[in-house]
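Subject: A structure to look through

Dear colleague,

I am handing over a structure together with some notes on what was found in it. Please keep the structure open while you read, so that each place can be looked up as it is named.

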Amino acid sequence: MAKTYLQELIRKSLKVYTGTKGLELPPGFAYDLVVTRDPSHGDLAVNIAFKMAGILRQKPPVIAAEFLQILETENDRLQNSVIERMVIAGGAFINFYLKKASLGQVLEDAVRQDRDYGKSDFGKGKKVLLEYVSANPTGPLTIAHGRQAAVGDSLYRILKATGHETDSEYYLNDGGRQMNLLGKSLWARYRQELQLDAELPEDGYQGAYLTDLARKLVSEKKDSLLKQTEEQAADFCRSYACQEIMETIRRDLHDFRVEFDHYFSEQTLYKKNSVQKCLEFLTDKGHLYEQEGALWFRSTAFGDDKDRVIRKTTGEYTYLAPDIAYHRYKFDRGYNKLVDFLGPDHHGYINRIKASCQALGYDAGQIEIRIVQLSTLFRNGQPVRMSTRAGEFVTLRELMDEVGIDATRFFFIMRKVESHLDFDLDLAKQKSQENPVYYLQYAHARIASILRNAGRAVETDVNLERLCEEEETNLIKFISDYPKALVQASEFLEPYRLADYLRDLAMCFHKFYAAHRVLSDDLELTKARLLLADAARVTLRNGLELLGISQPESM
RNA sequence: GCGCCCGUAGCUCAGUUGGAUAGAGCAUUUGCCUUCUAAGCAAAGGGUCACUGGUUCGAUUCCAGUCGGGCGCACCA
C-alpha cells in the first residue's frame with residue numbers, strides 16, 4: 001500500500017533529520033498523514049513541518065524545505081515506485097502525488113478481499129459488552145427504543161468488523177415495581193373484558209395493547225383467574241404480561257434486523273444472590289456506610305455530586321443496588337470494556353454508575369455510557385405529540401410499517417446519538433431524490449446494473465494508469481479511506497460517521513458515473529473502470545451491511 | 001443554584017478530534033436523458049462559525065468568561 005510506504009519513508013527521513021539537527025523529539029510527538037480531498041493538494045499530505053516548528057523554534061516553511069530534501073534522498077535510496085512527486089504547498093504542507101498504478105492498487109485489494117474489505121484488527125484484545133434498548137417489558141417498543149436499537153446494532157456490527165470481541169445484551173428489568181403495576185393493570189383489564197367492574201390502578205398502564213392482551217388472556221384462560229386470590233391473579237398477570245410483551249419486543253427487534261446475543265434478566269441477580277454479595281464486597285472495601293437507617297454508597301469518593309442511597313430505610317433496595325451488581329457481573333464474565341446506551345431520563349445516572357465501577361476496582365475508562373437523545377417525529381411539518389403515560393405513542397412497529405426498515409434505520413443512525421433528532425416522516429417515506437437512504441442504495445443498484453450489462457467478469461489485473469480522470473482519482477481515494485472511516489466510527493462509538501462516509505462515497509460514484517462511461521469500445525479502459533466500479537460496489541455493500549441497510553441490485 | 005449537551009447558510013446538520021479557500025442535504029433559480037438506472041449530474045445565490053478575550057506558525061475546533069437553547073439534579077424506576 002502506498003500509504004504504508006509513505007509512513008515508512010517519513011519515519012526514516014525523520015530519523016535522519018533529527019540526527020543532523022542533534023534533536024530529541026518529545027515522546028508525544030505526532031503528525032498527520034492524510035488522504036486529501038482537494039485534488040490540488042496532491043493525493044496525500046503531511047503536516048510534519050508545522051508540528052516541528054514549536055520544537056525547533058524555526059519557521060514551518062524553512063523546516064519543510066529542509067525536510068523535503070531528505071525525503072527526496074531517502075526516496076531515491078529506497079528506489080521507490082510509488083511517488084510521482086512531492087511539493088510544498090499551503091505554507092509548509094508536504095503534498096505527495098502518487099503514481100496512478102499505486103494509487104489504484106486499493107481497487108484490486110478491495111475486490112479481492114470482497115466482504116473482508118475494510119475489516120481491521122483495531123480492537124484486538126478488547127472484549128466489549130454492548131448494552132442497549134433494555135426497555136422494561138411493560139409495553140411495545142417506542143421510537144425512542146428504536147433509535148437505540150438502530151444505533152446499538154450498527155455499532156455492534158462495526159465493533160466486530162474492527163476486530164473487537166463483542167457481545168450485545170438486553171437487560172431485562174423485570175424485578176421492580178413497574179412490573180407489579182403492569183400485572184395489576186392487566187388484571188383490571190382482564191376483569192373488564194369479562195364485563196366485571198374493575199378500575200385500573202392509579203398510574204396504571206393505559207395503552208390499548210393491554211386491552212388486546214386481556215382479550216387474549218380471556219380466550220386462553222376463560223374466567224379461571226377469578227377463582228384465585230387477588231394477589232395470585234395479579235401475580236399471574238404480571239408474568240403473563242411480561243412474557244407476552246417480551247415476545248412482541250423480540251419479534252419487533254428481529255424484524256428491525258436487531259438480534260441480541262443475550263437477554264439478561266434482573267431476577268437472575270437475586271437468584272444468584274449477586275446483589276447481596278456485591279454489597280458485601282463494597283462494604284469490605286469501605287465504600288458503603290449506614291446513616292439514618294439507610295445504606296449509602298460513598299460515590300462522592302469517585303467524583304459524584306453526592307452520596308447515593310442503596311438500601312432504603314424500608315429495607316428495599318433502590319434501583320442502584322441491582323445495577324451495580326449487574327455491572328460487576330458483566331466484568332466477572334471477562335469483558336474489559338462495557339458500553340451502555342441509555343435514554344435521556346438516565347442522564348443523572350452516569351456518574352453513579354461510573355463511580356460504582358471504580359469502587360468495584362475497575363478503571364473509569366472501561367465503561368462508556370452514552371445517552372441516546374429522543375427523536376421527534378414530524379408529519380406535515382408538525383411535531384407528532386406523544387405521551388407514554390396516556391398510552392399515546394408511536395411504536396417502533398408502526399414506524400417500520402409506515403416508512404420501511406431501511407429508511408427508519410438510516411434516519412436513526414445519521415445523527416450523533418447525543419443530539420436531538422428530527423425525524424421527518426414525509427421525507428423518510430418519499431421514494432424520491434430527497435431521501436438520503438435511496439441515494440446510497442441507488443449508487444449500489446447502478447453499479448450492479450453496469451456489472452450486469454458488462455457481459456464479462458471483473459478482472460483484477462488491469463492497467464490502472466488508465467484511471468486518471470479527476471472523478472476516478474477521487475473515487476479511488478474515497479474507497480481507500482473506508483477502513484479508516486470504520487475505525488473512527490468504532491473508536492468514537494458513533495455509527496453516524498460511517499453513514500456520513502457512505503454518503504460521500506456514493507456522491508463520488510454518482511459524479512464519476514455522470515461524467516464517464518464504464519462500458520466502451522476501449523477494452524483496456526473498460527476493464528479498468530469495471531474494477532473501479534466493482535470496488536465501489538464492494539465498499540458500499542460492506543458499509544450498508546454494517547448499518548443494517550439492504551443493498552438492492554436494482555431499484 | 002449545580003452538572004451535562006448544544007449554538008455553523010432560510011431549515012436539518014457535517015466539519016477527519018488544531019491545518020490549506022468552512023462543506024453536504026432540503027428549500028429557491030437555471031441547465032442536462034437517441035449511449036451503462038434522471039431515485040442522478042452540473043451551475044448560481046445564501047456565512048460576523050452566538051459574543052468577548054486567551055493559548056500559537058495557525059482556532060469553527062482547545063481554555064476562560066458572557067449571552068441564548070435543551071436536558072438532568074429522589075430513601076422513583
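Helices, which are DSSP runs of at least four residues, are numbered from the N terminus, and aspartate 252 lies in one of these, helix H9. Please bear in mind throughout that this is a predicted model.

Is aspartate 252 buried or exposed? Its relative accessible area is 4%, and because buried means under 20%, aspartate 252 counts as buried. Not counting residues up to four places away in sequence, aspartate 252 touches Leu141, Arg397 and Met400. Aspartate 252 and glycine 146 are 106 residues apart in sequence, and yet from C-alpha to C-alpha they are 9.5 Å apart in space.

Next come two pairs of helices. Two packed helices are described by the angle between their axes and by the distance between those axes. Helix H15 (residues 405-413) and helix H17 (residues 436-454) have axes that come within 9 Å and cross at roughly 115 degrees, which means that H15 is roughly perpendicular to H17. The crossing in which H15 passes H17 is right-handed. On the side of H15, Asp406, Ala407, Phe410 and Phe411 take part, and they meet Pro436, Val437, Leu440 and Gln441 in H17; the residues of this contact divide into 6 nonpolar, 1 polar and 1 charged.

In the second pair, helix H6 (residues 143-161) packs against helix H21 (residues 523-547) at an angle of about 130 degrees, and their axes are 7 Å apart, so H6 and H21 are oblique to each other. Ser154, Arg157, Ile158 and Ala161 of H6 make this contact with Glu545, Leu546 and Leu547 of H21, and its residues divide into 4 nonpolar, 1 polar and 2 charged.

Some single residues also deserve a look. Most residues other than glycine have a negative phi. Aspartate 114, although it is not a glycine, has a positive phi of about 50 degrees, and it is found in the loop between helix H5 (105-113) and strand E5 (127-131). Leucine 493 likewise has a positive phi, near 55 degrees, and lies in the loop between helix H19 (482-491) and helix H20 (496-515). Aspartate 114 counts as partly exposed at 29% relative accessibility, whereas leucine 493 is buried, with a relative accessible area of 6%.

Finally, serine 274 lies in helix H11 (residues 274-284) and is buried, with a relative accessible area of 14%. Not counting residues up to four places away in sequence, serine 274 touches Leu269 and Ala325.

With kind regards

How values were computed
Residues numbered from 1 in each chain as written. Chains lettered and ligands numbered in written order. Predicted model: local features only at pLDDT ≥ 70, side-chain atom pairs only at ≥ 80, totals over all residues. Heavy atoms only, no water. Axes fitted to C-alpha atoms, helices over the stretch in contact; angles between N-to-C directions. Helix = DSSP H or I, 4+ residues; strand = E, 2+ residues; numbered from the N terminus. Parallel < 35°, antiparallel > 145°, perpendicular 65-115°, else oblique. Left-handed = near helix turned anticlockwise from the far one by under 90°. Contact = heavy atoms within 4.5 Å. Nonpolar A, V, L, I, M, F, W, Y, C, P; charged D, E, K, R; others polar. Buried < 20%, exposed > 50% of the residue type's maximum accessible area, 1.4 Å probe, protein only.
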